[in-house]
Amino acid sequence: MSLASDYFLLYHGLIFEKSLDLEPLRDNLDDNHLTIFALIICANRKNYNKFINLESFKDLCRQLDIKPPTSLSELNHIQYEIVDNIAKNSTKNSLDTIHNSLSYLKDQHIINQESYTKLTSLFDYKELNLNIEKIDTKEEIEKISYKDLKANFENLIRDLQEYIKNSELKNELATINEYLNNQKFSIGITGVMNAGKSTMLNALMGKEILGSAVVPETANLTIVKHNPTPNAKVFYWDKKEWEKIENSAKNLESMREFVEETKRVFKDDLKNYIKDSSRFDEVDINDLKSYTSADHSGKKCNLVKYVELGADLKFLSDGIEIVDTPGLDDPVIQREEITKEYISKCDMMLHLMNVSQSATLKDVEFIIDAVLYQNISKLLVVITRADTVSKKSLEEVINYTKTSIQRQLKAQNKDSQLDHILKSIKFIPISGYMALLHRTGREDEALKAGFKIEDTGILEIEEYLYESLFGTNSQKGDLVIQSTKTQLIRLLEKQISFFNYELKLLGKSKDELEAELSELKKNKEKKQRVLFSIKEDINFYKSDAKNYIESLDTFLQSELIELQNVVKQRVINDVRYSFQKDKKRADEQRVKIIVQTAIKDGIIDIIRDYRYKFIKKSQTIGEQCEQKYHDLGFTLGHKNDNFDARGFFQDDFKSGFLTSSNEVLVNLIVKETNNSKESKLNELERALQDIIKSEFEPIVKDIQSKAKSLSQILIDNFFKTLNTPVIAYEQKIKNDEETLEKELQNFKENDENRAKNSVLIHQNIKKLESILIDIKGLN
């Protein structure tokens, strides 16, 4: 799958079955066919009926030697193949033809401006990495790993401390260094209960910090961080969260038993744990089992939301944090929500499966959900207890898992995305207990059982983790390095500018210095008025952006209400179809899949549109600011680059919005459909509407809250960047004045040492320019 076609799928939410023979599309890239391609990809889920029923549209498909589509799924399949074909085989001329065709369609009001912008963004010249721009060479540029780049930057920052003289720049350098050294890399660990998570984690960390020694049969999410002094904190449910648990118990038997047990054990003491704001206790790490064990008589684990564990372990000292989740088959659905919340923020995920249990339906659903909906780009499936079966059995488990994924995707009408999911997953078998023996000084036992450390799988897992987190293809590492690089370049350019100004002043007489200071003070007020005007404009834009976020909140609410209607209608349609075709009620499992996929796909689609609107607004503001800066001789970013807001929000709005459990909603809908009658579908529709409206309320609030919170943070950071040139210019004015005054005060001394000072400053400039070249060359 090409970058553009992958983006097309994710951006436009296309779902299709590969039901058509589209081989002829792969050879059709002349101008006439490209013009037809442009028209075909204009159709969307809202207007496709108008297109596919037109004879002229059918004729165009025949010109391409393909069968005209008869459904949205078939149309989506054709569109996907078109985008994939263009992305893989395009030239500058073919992209020009596509852009011109789309522009014509916009001018003819066949598509609106928003659709035009979305479609043209698929065929961006830079993002597609055109074949004509690729260097035809056998030598590949060798990339440096994140850890090596980080070490290089740390050395450069140490060198810079000697040359950065300005106090404000010294503070900037300290901030950059702090940013570089405080990055955390999170690994999420998931699996059903008894999958062997604790044993594998203990082996990775080289100490039995989790498991029977400290946290047996853990029922809570545990976050393991590096801390020189081992410590533990337990965090309890707050009142709102507990209220949600109690509401869920009204409709789920397993939850009802959990709530009744908790109330029976704690009675009036419950209010001492469940507070308005989440209470937490620091506890003795050796007593942690009384808070986290599901089998402990005190049942405090029922009240514990999650645990933070600090450990002085080498594995964690690289900035690694581990999120160890409760079993996926936990009856408390709020724990599943917390798991998804944390997993959505993890840099990668390890999913463990017991070799003797193969892949459960819960395993498969979670894997699919992680890759398709939680934006997990790196997923390692660890097959545990590999020492208990043969290599042939291990292969059978892996193949069975892949087949189960395919079967479940087919049930969800998403089997076309099988390749995408399997490419995101790596499988590694492990003998966790044997690895633990090696790592805790009991290697003789493992060797006696016939297992060297190389045979356990733990080394392969470690290699995979370190390469994914810190290697040459580390996505987060690349972002950290590029951000550090940008900040250091900006700082160096400012310090070199200050040194050049000092060098310039050394060549002036005292009268010339006094005249320049007088002129600088005369112009200072004028410049400050201009800067004040720019800041006022930026503050206005910021206020406008925050008002726009409020309007986006209304957009979200409206779209989520429409989604409720979609969910209801899909269920009603399926029930009606079952009565008409099979003369019986709708299949329970199919109804569940319909509800779950409708909600997930709908929310993804809505957030994608929200992100598009958010970025579009930011783009407009950025271009307006860029123009104002340009009029004053400033630049926003690199001189030759046009402003692009997408660069500010590359990885935002892509995960964390699908953490709510829909189990109560699904159960209530299934219950209604199981009791439905063909003659009373209107009553079913009204009942479903009431159920969906009621159960959607917390989902709507959660999504609105997350979108608004994230948007406000992004807007603040965005405007901090937009303000950077103003702050830098103000700093320059202040620095120039201070430098001039200092030069005048010390004129006699400086005059006597003019040659020496000039040489010293010149050497500093050359050194900084050399460092600047080194930094720009680091990739």
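Begin by selecting Asp-65, which sits in the loop between helix H4 (55-63) and helix H5 (72-89); helices here are DSSP runs of H or I with at least four residues, strands are DSSP runs of E with at least two, and both are numbered from the N terminus. What you are looking at is a predicted model, in which local features need pLDDT of at least 70 and side-chain atom pairs count only at pLDDT 80 or more, while totals for chains, interfaces and linings use all residues. Residues are numbered from 1 along each chain as its sequence is written, and side-chain values use heavy atoms, with hydrogens and water left out.

Stay with the backbone of Asp-65, where phi is positive, about 65 degrees, although the residue is not a glycine. Most residues other than glycine have a negative phi. Asp-65 is also exposed, with a relative accessible area of 59% (exposed means over 50%, buried under 20%, and partly exposed in between, with a 1.4 Å probe and protein chains only).

Next, select Lys-267, in the loop between helix H12 (253-266) and strand E4 (280-283). Phi of Lys-267 is positive too, near 50 degrees, in a residue other than glycine, and Lys-267 is exposed, with a relative accessible area of 61%.

Now turn to Thr-484, which is placed in helix H21. Is Thr-484 buried or exposed? Thr-484 is buried, with a relative accessible area of 0%. Its side chain reaches the backbone oxygen of Val-480 at 2.8 Å. If you leave aside residues up to four places away in sequence, Thr-484 touches Phe-153, Ile-176, Tyr-179 and Leu-180, where contact means heavy atoms within 4.5 Å.

A cavity is a set of points, on a 1 Å grid over the protein atoms alone, where a 1.4 Å probe fits but cannot get out, and lining residues have an atom within 4 Å of a point.

Select Ile-144, Leu-149, Thr-472, Gly-477 and Asp-478, which are the closest to the centre of the largest cavity among the 13 residues that line it. Helix H8 (146-160) and helix H21 (475-506) are the elements that give two or more residues to this lining, and H21 provides the largest share, 4 residues.

Key
On a 1 Å grid over the protein atoms alone, a cavity is a set of points where a 1.4 Å probe fits but cannot get out, and a pocket is an open set with protein on both sides within 12 Å along at least five of seven lines; lining residues have an atom within 4 Å of a point. A polar contact is a pair of N or O atoms within 3.5 Å; within protein, one must be able to donate a hydrogen and the other to accept it, and residues adjacent in sequence count only if both atoms are side-chain atoms.
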